[in-house]
Amino acid sequence: MKEQAGVPDLHFVLVHGACHGAWCWFKIRSLMETSGYKVTCLDLKSAGIDQSNPNTILTFDEYNAPLTHFLSNLPDNEKVILVGHSAGGLSLTDAIHRFAKKIRVAIYVAANMLRHGFSTDQDIKDGEPDVSEYGEVADLEYGMGLDQPPTSIIIKEEFQKRLLYQLSPKEDTALASMLLRPGPVRAFKGARFEGGKDADSVPRIYIKTLHDQMLKPMKQEQMIKRWQPCQVHVLESDHSPFFSTPRLLFDLISKGAAASF
């Protein structure tokens, strides 16, 4: 693997959001590998090709176990750049609290960036999408019974392009409609993180998506104000810049990672 303009070899770990999987990064992975970077794309529990039943994934620890396992087995002398999209920001924050010394920088892309997860009412207000203006946009499953909170969720197909991909190419939205899987919503809502003593030592970068209909810019800005990152960048993108603006997203990720040295 070649070095980039004097910057040491970089290893990127790309973490998807709710209902997606490692597949959603295919454009970014191609750009990164063409540039000589090492790239790992993970499927979290019940996502992508992982066949776990989302209705049985009830805790965030279980959902995020593939990332936890990966970082646990990373040699102590290695550091990675974590990139998380949407709910993947919860995965990044969990990792920051657990494995700060193994993370060179954490890059949040239209992502939940809440220092302690959904620990307070304000966290919920800032970090949970609000798409109530569109009506009933999601299908919920109640794997523990109708008297219990829902266990999985997926955006209805007729709302996916409007909320997730309104600026993305048609072929990408068609691919996504075939590959999206229900996400373990109960696990997401239970995402709460203890204060790792080194958590604030990890540089964080936030990439805002200005035309986001899922995690609206106002919510992104509020999370940025409450837990300020070292850099903030802006994309004229929908919620899914890995489809709508892949080259621009790649440029921001790679420049941000290089600047962390």
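The axes of helix α1 (residues 26-34) and helix α11 (residues 246-259) come within 10 Å and cross at roughly 55°. Helices here are DSSP runs of H or I with at least four residues, strands are E runs of at least two, and both are numbered from the N terminus. Axes are lines fitted to C-alpha atoms, for helices over the stretch in contact, and angles run from 0 to 180 degrees between N-to-C directions. Angles under 35 degrees count as roughly parallel, over 145 as roughly antiparallel, 65 to 115 as roughly perpendicular and the rest as oblique; α1 and α11 are therefore oblique to each other. Their crossing is right-handed, a term used if the near helix is turned clockwise from the far one by less than a right angle. On the α1 side, Lys-27, Ile-28, Leu-31 and Met-32 meet Pro-246, Arg-247, Leu-249, Phe-250 and Ile-253 of α11, where contact means heavy atoms within 4.5 Å. This contact has seven nonpolar, no polar and two charged residues.

The model is predicted, so that local features need pLDDT of at least 70 and side-chain atom pairs count only at pLDDT 80 or more, while totals for chains, interfaces and linings use all residues. Residues are numbered from 1 along each chain as its sequence is written, and side-chain values use heavy atoms, with hydrogens and water left out.

α3 passes α4 in a right-handed crossing. Leu-67, Thr-68, Leu-71 and Ser-72 of α3 make the contact with Ser-91, Asp-94, Ala-95, Arg-98 and Phe-99 of α4. By class, the residues of this contact are four nonpolar, three polar and two charged. Ala, Val, Leu, Ile, Met, Phe, Trp, Tyr, Cys and Pro count as nonpolar, Asp, Glu, Lys and Arg as charged, and the others, Gly among them, as polar.

The largest pocket holds about 760 Å³ of space. A pocket is an open set of points on a 1 Å grid over the protein atoms alone, with protein on both sides within 12 Å along at least five of seven lines; a cavity is a set where a 1.4 Å probe fits but cannot get out, and lining residues have an atom within 4 Å of a point. Of the 32 residues that line the largest pocket, Pro-129, Ile-153, Ile-155, Val-185 and Met-214 are the closest to its centre. Its lining has 20 nonpolar, nine polar and three charged residues.

About 170 Å³ of space lies in the second largest pocket, a volume being the space filled by probe spheres set on grid points that are joined across faces, edges and corners. Its lining includes Asp-94 and Arg-98, and α4 (88-99) and α2 (60-63) are the elements that give two or more residues. α4 gives the most, with three residues. The lining has three nonpolar, three polar and five charged residues.

One cavity of 30 Å³ or more is counted. The largest cavity has about 40 Å³ of space, and among its lining residues are His-20, Tyr-63 and Arg-181.
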